[in-house]
Amino acid sequence: MSKSLLFSWVVIGIAVIFIPLSWNCKGSGVQYKNTPPFTVLANVPPPDTVILTSNPRLSLSWIGNDPDGYVIAFRYRWSYRLNSSSPTLEKPWSTLLNLLNVIGAGVNKNLKFALMTDAPVPNLPEVYRYFAYLPNGLLSDSATNALRVGDSLIIAGAHVWASNPITNPFPVHTAPTSGTFIFDSQDSLNPHTFEVEAVDNLAAVGLPAKVSFETPRVTAPQTEIDEFPTDTVMVLNDPTVTFQGARITFHGIDPNSRTLDYQWVVDKDQWPQNNIPWSAFSSQTYAYVTAKDLPDPLGHKHTFYVRARNEFGVIDTLGVFIRQVFDANNTPIPGQFDTIRANIDFYTLYPPFQLPGYVPRALLINLSVGFPDATIPRPSQPMLTDYYMQMMHNIGMDGKYDVFNLTVDPAGNESFPGRGTLGQYNLIVLTGDAIDYGARPADAKNYNYVRKAQVCITDVIKQKLTDYCNVGGKMIISAWALPWRNNMGVDTAGVGSEGDGMSYICHMQDLVADPPTINLIQPARTAFLGATGQNGYPDVVFDSTKADTALWGKSLQMVYTGRPYGFGEILYRYVSDSTNFHFQFNPGDFSPVPIVCATRYLGVTYKVVYFGFPLYYIQVPGATTQPSATEVLRKAFSDLN
Amino acid sequence: MKNRWNILRNVVPCLLLGIMVLLGLSCSQYNYSSPLPGIVSIRLHTIVDTTQISFSPLNNFTLTVSQIWAFRSDGARAEVVADLTALTQTQSSGSSSRSFNTLDARAQDSSLYLGETFLPPGDYTEIFIQKAQPGHYVVLDGYRNIPIVNDTIQQDLFFRKPFKIREGHYTNIVLTINLDSSLVRLADQFYFNPLYYISSVQYE
């Protein structure tokens with residue numbers, strides 16, 4: 001290696017070592033200033049232009065950007081005034097975190113929403129980090145669910161909540177760059193200026209984007225009542241499993257509003273006028289009124305008031321409107337209008353038997369009108385009533401019950417007790433033991449009677465009994481042919497529904513008449529010889545001394561069998577004559593053929609003992625009491641008390 | 001020279017073999033001892049007011065579970081199968097669910113087996129019952145089919161209850177269902193509001 005080459009390498013080495021060492025960053029340059037973000041409102045008229053909107057609801061969109069950073073939030077506010085002489089006021093700033101793609105916490109769980117915060121600008125969280133941190137940019141389910149019901153979260157020290165949870169539908173934000181607002185519109189014309197501005201990652205706020213517009217006054221919605229009780233309703237203080245309250249339905253009318261909610265009150269004039277207990281606003285178009293909603297729970301006549309509120313917050317305070325009447329061709333009839341009111345009168349009864357201090361008392365109702373030319377097989381109404389009164393005497397009920405014998409006026413209207421009467425008694429013994437089997441009704445079209453001798457349980461009567469049960473009543477029913485299709489029968493409302501009295505009240509279903517309606521061997525017409533008791537009830541046999549043997553043979557017909565419904569329990573199984581083997585009770589074998597003819601229902605609220613055979617026509621073998629059916633009735637009283 | 005090579009050729013393998021033998025003799029025996037398993041037995045106990053619903057063959061309220069797992073403190077888990085002879089809970093049909101009548105008379109005194117299996121000894125932290133689902137009806141007296149209102153409810157039940165499995169011993173765990181609280185009587189239905197808990201852990 002030559003000396004010159006060595007020298008060159010030494011020089012290069014020194015240069016390589018010392019030149020970087022001599023380099024430094026010291027200097028006198030100036031740091032660039034942060035450039036504030038900017039915001040632009042989309043699709044708005046030129047500045048200094050004022051537009052008139054069709055309603056107070058307006059959707060606005062905007063964008064924001066930051067030349068030297070990124071936008072972490074937007075905040076907006078708007079101006080308003082109370083009236084034309086009021087000064088212009090401004091809403092406080094509302095802040096939206098610039099966090100995209102948050103789904104599920106809004107009114108509709110499938111919609112996106114935005115996150116709002118009350119953190120001051122210097123303390124706003126830099127949400128882009130959370131955007132990256134959360135899976136797919138979404139909140140976890142538990143956080144979403146919390147936001148959905150209006151709870152808040154803490155993100156980087158900031159108090160954060162959903163823009164429009166279930167409880168607060170407005171303002172609607174599906175993203176931080178848009179919103180649907182409802183602007184204050186108390187006056188006939190309401191000027192507003194909406195401004196929105198972006199906040200960057202250094203907490204700098206740019207110039208706001210503005211738009212000015214005027215909104216019209218909002219008209220109030222109208223409210224109309226649809227359904228209400230037309231008869232007296234029995235009410236209790238609190239709902240039970242069988243009592244919800246007096247149901248009243250209603251609806252509101254407001255073509256400008258996408259949503260309506262309602263609040264209601266009963267007898268608003270009777271409450272302290274500075275403290276009328278209007279219900280909370282709800283979108284439900286029905287109300288269940290209980291005694292707690294009444295200023296006088298024991299009062300009879302009440303007035304129900306309802307008022308709608310539209311999405312602009314305007315409430316129907318008028319409570320009445322006029323509606324044009326149309327003819328059959330849907331043509332307006334000049335000068336004819338209906339007055340529609342948002343209030344309605346209705347009547348309630350708090351059953352006395354549910355009041356403290358009530359002294360128990362029973363009511364014996366005899367549905368049988370009997371036969372004019374009474375015989376033992378075809379008894380008169382007094383004979384039947386006397387028969388039951390004798391049994392009540394045996395049980396020790398003298399002086400503890402009243403008797404109601406049904407009558408029918410020439411027009412065919414029966415005199416069944418009203419709810420006001422039923423509510424006086426904690427126990428009702430309902431009997432309909434007489435039918436004229438073997439002879440056709442004089443008027444076959446007259447279905448108000450079962451074979452001429454017994455008043456049918458019409459829908460009106462059935463509803464009264466159902467209402468009585470629903471508020472906690474007790475009933476003992478002994479009736480011949482009660483399930484007959486034109487008597488209490490089976491209703492199209494379906495088994496277990498209130499309209500189906502046999503299953504709802506008596507707790508019997510799948511009823512089979514004699515002759516059966518199911519496709520089985522046809523039994524002889526003489527069928528019911530007695531019944532085998534269960535659950536402590538004595539066996540019973542048909543009292544053949546009361547048989548019209550010429551027409552009936554030696555047993556009863558039209559004794560319906562079935563099986564219990566719900567919590568109904570078997571009290572008696574049918575015993576037929578030897579020709580009706582498929583009605584026979586086969587111990588230990590569950591037969592698919594319903595063979596039950598009496599049930600007991602000891603429910604949470606009401607209790608019913610139902611005998612599908614008439615007590616008048618049965619005997620209890622071995623019983624010394626007369627009538628011996630007393631033992632059956634005694635056991636029923638024991639069950640219910 | 002040739003002799004030296006021959007000597008080396010014979011001596012070296014012998015030396016190597018000798019070294020290997022010495023190394024083999026010097027190796028200690030690995031400890032292959034492993035503890036015997038313990039047995040966990042999970043049983044059902046039903047609390048019910050027998051004046052309302054009795055433990056009778058005519059009464060029935062089923063509880064179906066898919067699988068039962070025991071979790072050890074180190075995160076290991078083992079399936080608790082039907083009995084000690086079962087290898088797996090999954091049947092040939094692919095179903096692994098088991099149904100129990102909570103009103104079985106054996107459930108009155110905690111002797112209705114939900115599962116029993118061998119487990120390695122150790123500290124366990126919880127029992128996991130997968131997909132516990134009530135039946136659609138409560139059958140009373142053999143003829144009253146009372147519908148369950150929310151019978152579609154299906155729950156995964158975690159019971160965080162520490163217990164030990166000891167070598168060669170039984171650990172008896174009793175899972176209690178309180179039907180007085182779980183079955184809320186309505187007019188003609190039951191509302192199912194389940195209340196389960198582990199009421200005892202006993203060691204034999």
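1. Contacts in chain A. Among contacts in chain A with a separation of 6 or more, 70% are between residues 24 or more positions apart; two residues are in contact if their C-beta atoms, placed from the backbone, lie within 7 Å. This is a predicted model, in which local features need pLDDT of at least 70, side-chain atom pairs count only at pLDDT 80 or more, and totals for chains, interfaces and linings use all residues. Residues are numbered from 1 along each chain as its sequence is written, while chains are lettered from A and ligands numbered from 1 in the order in which they are written.

2. Make-up of chain A. Nine helices and 37 strands form its secondary structure; helices (H or I, at least four residues) and strands (E, at least two) are DSSP runs, numbered from the N terminus. Of its 641 residues, 39% count as buried. A residue is buried if 20 or more other C-beta atoms lie within 10 Å of its own, exposed if 12 or fewer, and partly exposed in between.

3. Helix α6 of chain A. Buried residues in α6(A) include I461(A), L465(A), Y468(A) and C469(A). Their cover includes β16, α5 (419–422), β29 (474–479), α7 (501–504) and β36 of chain A. Just after α6(A), G472(A) has a positive phi of about 105°.

4. V608(A). This residue lies in strand β36 (residues 607–611) of chain A. V608(A) counts as buried because it has 26 C-beta neighbours inside 10 Å. Leaving aside neighbours within four places in sequence, its contacts include C469(A), M475(A), I477(A) and Y601(A). A547(A) is 61 residues away along the chain, and its C-alpha atom is 28 Å from that of V608(A).

5. A four-strand sheet. Strands of chain A form an open sheet in the order β16-β23-β20-β18, with mixed pairing; two strands pair if DSSP finds at least two bridges between them. β16 (233–234) and β18 (260–266) of chain A are at the edges with a single partner strand each, so one side of each has no neighbour in the sheet. β18(A) runs antiparallel to β20 (residues 301–310) of chain A, joined by seven bridges. W264(A) is opposite V306(A) in β20(A).

6. Chain B and confidence. Eight residues of chain B are in contact with 11 residues of chain A. Chain B has an average pLDDT of 85, and 82% of the residues score at least 70; pLDDT is the predictor's confidence in each residue, from 0 to 100. The model has ipTM 0.76 and pTM 0.74.
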